[in-house]
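Let's take a walk through this model, starting with a helix and moving on to some rings.

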Amino acid sequence: MLGLICVDVDGTLVGTGNLVRDDVWAALADARARGVRIALCSGRPAIGNARAYAERLDPDGWHVFQNGASIVNVGSGASLSEAIPEDGLKLLIDRAAQTDRLLEVYTDLEFAITKPGDLAERHAALLGVPYEARTPESLDGTVVRAQWVVPRAEEGAVVAEPHPGLDLHPAGSPVMPDAMFISVTRAGVSKGTAVQRVAAQYGLSMDRVMMVGDGENDVTALRVVGHPVAMGNADAPAVAASRYRVAHVDEGGLREAVELALTL
């Protein structure tokens, strides 16, 4: 039996309609009751729905948010988070103004936006937080991540632009299929580095860790664990980085992955 299962949110835990299947919750609870640690491993911040998922999965455990930039123990409130460089953040905010794109800016527990409107309002609803058009300058605390939220047709242009000292982590969500979320962290920060740090907190070697994901931003984590699992709805890069394949998120694929973890 493995010691840690890391679970992506959108397209893995959460399917169409922003819902988690009852059998998936039951399988995850069974694994935790048997002593397996469960870590959320998401691009979402540690607020709203993602915070609630983490607290339900492992209420005194470590969880990965914001594509590895935010690592939080939801029981103690301890943080192992990584700040985004100030010059990189300034570059992003200036570019958002020049291009009239939506850029979100995050600390561990708060976020702000550069462009109020439909995309920002819909994303707040997806996250499960009130829509508030606050500016990046109003944030207190350490900024750990930024995120472009753009129509899918604009993804290529955003990714092609220079982001010196920063890494990009594109991902989609079945809840907002018309949008792409291009997370931006300090260079070298990823779900993969964060999963390694969480495993170390539990004293586990990577051969006792499973990652279950579906998107390009899951690839770094899939590559470092001993047991990488791609959902049936996974993007091609996630499939290529996986050893196992399970069903579509809406067909209980995560339940299958958890059941597999209990046999390894």
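Which residues are buried in helix 1? They are Val24, Trp25, Ala27, Leu28 and Ala31, where buried means under 20% relative accessible area, exposed over 50% and partly exposed in between, with a 1.4 Å probe and protein chains only. Because they cover an arc of only 165° around the axis, they sit on the same side of helix 1; the arc is taken from the directions from the helix axis to the C-beta atoms. On the face turned away from that buried side, helix 1 carries the exposed residues Asp22 and Ala33. Helices here are DSSP runs (H or I, at least four residues), as are strands (E, at least two), numbered from the N terminus.

A word on ground rules: this is a predicted model, so local features need pLDDT of at least 70 and side-chain atom pairs pLDDT 80 or more, while totals for chains, interfaces and linings use all residues. Residues are numbered from 1 along each chain as its sequence is written, and side-chain values use heavy atoms, leaving out hydrogens and water.

Now for the rings. Rings of Phe, Tyr and Trp (its six-membered ring) pair if their centres lie within 6.5 Å, with planes under 30 degrees apart stacked, over 60 edge-to-face and the rest tilted. That rule gives 2 aromatic pairs. Trp25 and Tyr53 make a tilted one, 6.2 Å centre to centre with 50° between the planes. This pair links distant parts of the chain, with Trp25 in helix 1 and Tyr53 in helix 2, 28 residues apart. Tyr106 and Phe111 are stacked, at 5.1 Å and 15°.
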